[in-house]
Amino acid sequence: MLMLSVPGFALVLLVPTIVHGLAKLEPPNGKLIFGPWFDSSTGPVSSGETAAGWNRKIGYNSGVFQAYQHMPLRTPFNGPPDYDTSNHNADGTLNINIFNDGTDAAIFFTIYPDNSTGILDSDITALANQCAEIIAVTGRKMYLRFAPEMNGGWMGYSGNPAAFISLWRKVYTAINAVAPSIAMVWSPNPDVQSGLYPYAPYWPGPEYVDWVGLSIYWKGLQDNYPISYISNTLCPSDFTAQVMDAQGPQGGKISFYQTYAVAFDKPFVISEGGGAFQTHNSRNGVTSLTDPGPGRVATVMGYWYSNIFNPAFMARYPRFKMILAFEIWKRENEDVYTSDRDFRITADEPTIAAFRAELQKLDAAGTMLWASPAKPSPSPSPPATTTTRSSTTSKAPAVNTVTSAVVSPQQPSQNPAKDANHTSSSRSISPFSPVLMLSVLMTVMFFF
């Protein structure tokens, strides 16, 4: 409030308060979106899961489901590493039939480009068209996690930050041209104390990012690696905070949460994560049973007690708005060892029961945002098809037919223009115009 002294009068000028709105597809403060990356493949151990089946196991309608796709598209193969004939169409596009839960749960769509220099404009345009049609056909919201863990050397698009940023910006522009309601998620791998996986070189800029996130897993302490990574041990209660906020030796020296979520006012997501229960390990072709240590329930649940089931953590990190459980068995290499890891909450009934009991507490507190049953409605018209496929910034690229069935259609937003303006780069809302305020002040002073 500003007070001006005028003879005989006390003139009070109200100065507007800056109110921060929500980012694209960001839930209200104090709310959390939760869901799985379930194994819909034909692979070993954890395969054959469905969205509806996973919901039945946890007792709630998940708010989001994760799925992936390669770029350029690959012909599905019923073998390692992806076993993806059951969850992809013959042309390599995602088979949306895997989302058979009958709800309006969001899709967290992860895209793995082969590299950062050989992706064609036509590949980008095809992805943008596909995403636009998926949300039009299903009525679901979509988060697009493009080229995750780009700062890790195991990704083909790593190692060339300039090329990555150029590719990212092309994709962001193309997506927003045809589907501005989609939120793009920038999600690197967590850095470590040595600074091996830096974030800054791969940062595309706040105007090209809607959400920020990390992949966070409990596999063991970094101390005594690799032995610690092939053993079952309890996860520290502050483990997730150490990793994302540089709160201890298990994370890097730079806080990802403060540097990107807080500084740029972006919602934060744990894009994939879980606690690894290690069942077998091998070296030089010799396989051994892994000591269960504290047991499956304690090992898996320890991870979740370091984040969503930790009240102090939830209170400390209000920008944390979503987490996706990695519900997959996986064989991974650690130096000279190979370890079989089961990250699933739903691997056995005791673990499911322990997780469900804690989830019920969050639900009772009003924290969780669950999906609602889908309301069938006429399918909306697809986007216009009047432009060439060669441009990644075309306002209305041609739309290719998604060769999969309609899944519980629901009417999408009727105001794409409003969605297009609802970006994180324009989130400060002022109820008063400074020019108007100055005019009013000058008018009042003139009459006095």
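Start by selecting Phe277, which stands opposite Asp342 in strand S15. Strands here are DSSP E runs of at least two residues, helices are H or I runs of at least four, and both are numbered from the N terminus. The model is predicted: local features need pLDDT of at least 70, side-chain atom pairs count only at pLDDT 80 or more, and totals for chains, interfaces and linings use all residues. Residue numbers run from 1 along each chain as its sequence is written, and side-chain values use heavy atoms, with hydrogens and water left out.

**Stop 1**

Select S11 (residues 277-283) and S15 (residues 337-342). They pair in the antiparallel sense over five bridges. Two strands count as paired if DSSP finds at least two bridges between them. Now pick His280. Its bridge partner in S15 is Asp340.

Four strands form an open sheet in the order S12-S11-S15-S14, with antiparallel pairing. S12 (286-289) and S14 (329-334) stand at the edges with a single partner strand each, so one side of each has no neighbour in the sheet. From one strand to the next, the twist averages 25 degrees. Angles are taken between N-to-C directions and run from 0 to 180 degrees, with axes as lines fitted to C-alpha atoms, for helices over the stretch in contact.

How many residues of S11 are buried? Five of its seven, so the strand is mostly covered. Buried means under 20% relative accessible area, exposed over 50%, and partly exposed in between, with a 1.4 Å probe and protein chains only.

**Stop 2: the two hairpins**

Move to S11 and S12. They pair in the antiparallel sense over four bridges. Asn281 stands opposite Ser288 in S12. Two residues lie between the strands of this hairpin, and Asn284 takes a positive phi near 55 degrees there.

Next, S14 and S15. This antiparallel pair has six bridges. Select Glu332 to find its bridge partner in S15, Ser339. This hairpin also has two residues between its strands, and Asp335 takes a positive phi near 60 degrees.

**Stop 3: the helix across the sheet**

Show helix H6 (residues 296-304). It lies across S11 and S15 and runs at about 105 degrees to S11.

**Stop 4: Gly35**

Select Gly35 in strand S4 (residues 33-38). Gly35 is buried, with a relative accessible area of 0%. Which residues does Gly35 contact, leaving aside its neighbours within four places in sequence? They are Ser62, Val64, Ile323, Leu324 and Ala325. Contact means heavy atoms within 4.5 Å. Check the C-alpha distance from Gly35 to Ser62: 4.9 Å in space, across 27 residues in sequence.

**Stop 5: helix H1**

Select helix H1 (residues 51-58). Six of its eight residues are buried, so H1 is largely enclosed by the rest of the structure. The buried ones are Ala51, Ala52, Gly53, Trp54, Asn55 and Ile58. Their cover includes S4, strand S5 (64-71), strand S13 (320-327) and helix H8 (349-364). Gly59 follows H1, with a positive phi near 85 degrees.

**Stop 6: helix H3**

Go to helix H3 (residues 161-178). Its 18 residues reach 26 Å from first C-alpha to last, close to the 26 Å expected at 1.5 Å a residue. The expected span is 1.5 Å times one less than the number of residues.

Colour the buried residues of H3; among them are Phe164, Leu167, Trp168, Val171, Tyr172 and Ile175. What covers the buried residues includes strand S6 (106-113), helix H2 (121-138), strand S7 (142-146) and strand S8 (183-186).

**Stop 7: cysteines**

Pick Cys131: buried, at 0% relative accessibility. Then Cys235: also buried, at 10%. With a disulfide taken as a pair of cysteine sulfur atoms within 2.5 Å, the count comes to zero.

**Last stop: the whole chain**

Zoom out. The protein chain has ten helices and 16 strands. Buried residues make up 54% of its 448 residues. Among contacts with a separation of 6 or more, 74% join residues 24 or more positions apart. The accessible surface comes to about 19,200 Å², of which 59% belongs to carbon and sulfur atoms. Areas come from the Shrake-Rupley method with a 1.4 Å probe; for residues, only the protein chains shown count as cover.
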